[in-house]
Amino acid sequence: MKIISIRGAEREDCPRLLELVRGLAQYEKASHEVTISLREFEESGFGEGKIWDALVAETDGKIVGFALWYIRFSTWKGKRVYLEDIFVEPGYRGLGAGKMLFEALMEESRRLGISGMVWQALDWNEPALGFYRKYGARFDGQWINCSLDIPL
């Protein structure tokens, strides 16, 4: 059995993290949507204006999964951890890496004094929905996701 460890992401992990982001996008049938450059990815996570953080799951020195998050603000609830992405490489699923990442992020939220997490999941992704159900996650069918691309 492979031993999985969880640690905070480091700048040097960014090329691998971006590979995994592309793997997630492929799984979600949206590979064409990944347009971020490695430089922007690195600067956004490790530069002066850092806006995201991440945990990585590692085995035998290889990053096989990650949870990327940031703090958002709710006028109703206050600070919330927003889980942007959680992904484990297909060949390493079933070893507990996803569970370890999710629980480590819950613990990080507690450490920061943040009492809740929010995220999105695709309605067809039953493995993910089943995973979240195990934690007692609530699913909101009322809100519609909105986005807008703004030309620079």
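Okay, let's start with the charges: the count here comes to 13 salt bridges, a salt bridge being a side-chain nitrogen of Lys or Arg within 4 Å of a carboxyl oxygen of Asp or Glu. Quick background before we go on: this is a predicted model, where local features need pLDDT of at least 70 and side-chain atom pairs count only at pLDDT 80 or more, while totals for chains, interfaces and linings use all residues. Residues are numbered from 1 along each chain as its sequence is written, and side-chain values use heavy atoms, with hydrogens and water left out.

So, the sheet. Five strands make an open sheet, in the order β1-β2-β3-β4-β5, with mixed pairing. Strands here are DSSP runs of E, at least two residues, and helices are runs of H or I, at least four, numbered from the N terminus; two strands pair if DSSP finds at least two bridges between them. β1 (5-8) and β5 (117-119) are at the edges with a single partner strand each, so one side of each has no neighbour in the sheet.

Over at β5, three bridges join it to β4 (residues 78-88), and the two run parallel. There, leucine 83 sits opposite tryptophan 119 of β5.

Now back to the charges. Which residue forms a salt bridge with glutamate 58? That's arginine 7, with the closest N and O atoms 3.1 Å apart. Glutamate 58 is in strand β2 and arginine 7 in strand β1, so this pair ties together parts that are 51 residues apart in sequence. Buried or exposed, then, for glutamate 58? Buried, with a relative accessible area of 17%; arginine 7, at 22%, counts as partly exposed. The cut-offs: buried is under 20% relative accessible area, exposed is over 50%, and partly exposed is in between, using a 1.4 Å probe and protein chains only.

Arginine 7 also forms a salt bridge with aspartate 13, and there the closest N and O atoms are 2.8 Å apart. Aspartate 13 is buried, at 8%.

Over in helix α3, arginine 110 and glutamate 107 are three residues apart, about one turn of the helix. They form a salt bridge too, closest N and O atoms 3.1 Å apart, and glutamate 107 is partly exposed at 46%. There's also a network of salt bridges linking Arg16, Glu19, Lys62 and Glu89.

Last stop, helix α4 (residues 126-133): Ala128, Leu129, Phe131 and Tyr132 are buried there.
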